[in-house]
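Please consult the sequence and the structure shown below.

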Amino acid sequence: MQRFAITHAALFTVDPQDRVIPDGTVLVEDGRIVAVGPAESIEIPADTVVIDSGGKRAVLPGLVDAHSHSSLMRGVTENMPLMEWLPYYQLEHRALTEEDAYHSARLCYLEALKGGTTCVMDMFRFMDRCADAAGELGLRVNLAPYVADQPGKDFFSTREENKRLIRTHHGSQSGRIQVWMGLEHLFYCSEDAYRDAVRCQQDYGVRIHTHACEQREEEDAVLKHFGRRSIGMLDHYGLLGEKTLLAHCVWLDDDEIKRLADTGTSIAHCPISNAKLASGVARTPDMLAAGINLGLGTDGPVCNNSLDLFEEMKFASLIQKATRLDARALPADQVLRMATIGGAKALGLDGEIGSIEIGKKADLVMLDLGAPNLTPHEVTHAGGNLLWNLVFAARGSNVTHVWVDGRCLIEEGRSTQVDEGHVVATAQTCGLSLYERCRALDHLRVDMI
Ligand SMILES: [Zn+2]
């Protein structure tokens, strides 16, 4: 039996009571949490490996990136609104090779892990190679291939490829790999593709991930083309429900918010991407008030440009306070829930991860409280100033240790699994080659709408 304990840490459990334990211990056996509570109340068996944080570290559930796209295209297409940006993004996919996909995933998964993200929903291509990358690093990933079947979109994945990936990889790597039916967007996929995805949801017991209602211009075009708005169309296709995760949903009206709440459909909220691509500000406080489950997503390096969920949490809160002229909008505890248990629920994994509770998998993140940006810190059972500073001051670079399934993948800020220098160097070479190949395809760039 593999057993370790983290002792004398500030534990932010994000359990149903949002319990904060100022001087806490968590005991892990064979990858699962078997005890959590005040340090003096937990009996530690004799042969346990003890990581004594001496009151200088905080421990959180691993963060969940509920919507991302692996990529090497960082900072390349800037200063563009979504509809102008998408044709450039498509060039990446015309040029992308299997090797590019692998190096993209390795780089992004390494960045995610080092920043405290233990689970990623990745929508990308050649996803068997993404699974290889996740296996090397030890990250928990949900793979949703970019499926498209409309004319001119033949460079994306096919439904058959998606189904094959389900058969070969769903539940692999001790359950750390989950495969979804991925659908790019209403303009990329036929009615048949959506209905087939719903059938696969039933046949294979998998979930569905797609983009929806990201931008106003897009929403107008959907209405003009289909005679219904995005949520109405997806509802018409039978897609809404507890096993569906929609990315963005920026331009929802009141009826659509109610419909998503009633059907139990989750949303991956991506506030930095929505701001960068001038898509708008999602109505997150209204969504939460209606009972919609929200996860938090980075949307990947192309439209973020960072994969740091600490940054995403801060921005998610601030953009609501600023645009609503309401300093009480989206407080720290709500945002932390979105980045942990909310994301886990959006992925159907809330029974296994997303909080520090007995029986759950030990996906844990530890931060150094000795850093200048987290000092002074005061931890109380209500969180103290540390709760606010974890959301508004912490950075991924404050993360010292990361465990997934109880395995220590990041130790004192470095990967225990891969040669980081090699991952970065190969991504650098591969990225510059991809940029060249994209530029050579510029004549194939076509308008979106
Ligand atoms: Zn996206």
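How much area do domain 1 and domain 2 bury between them?

## Basis of the model

The model is predicted: local features need pLDDT of at least 70, side-chain atom pairs count only at pLDDT 80 or more, and totals for chains, interfaces and linings use all residues. Residues are numbered from 1 along each chain as its sequence is written, and side-chain values use heavy atoms, with hydrogens and water left out.

## Domains and buried area

The domain assignment (automatic or from a database) gives domain 1 as 3–61 + 355–415 and domain 2 as 63–346. Their centres, taken over C-alpha atoms, lie 28 Å apart. Domain 1 brings 31 residues to the contact and domain 2 brings 28, where contact means heavy atoms within 4.5 Å.

Between them the two domains bury about 2500 Å², with 62% of it on carbon and sulfur atoms. Buried area is the accessible area (1.4 Å probe) that two parts lose on being put together, summed over both. Val14, Val391 and Phe392 supply 22% of the area that domain 1 buries against domain 2, more than any other three residues.

## Salt bridges and contributing elements

There are 4 salt bridges between domain 1 and domain 2 (a side-chain nitrogen of Lys or Arg within 4 Å of a carboxyl oxygen of Asp or Glu). Asp405 forms a salt bridge with Arg176, and their closest N and O atoms are 2.9 Å apart.

On the side of domain 1 that touches domain 2, the elements giving two or more residues include helix H13 (384–392) and strand S16 (399–404). H13 provides the largest share, 5 residues. Helices (H or I, at least four residues) and strands (E, at least two) are DSSP runs, numbered from the N terminus.
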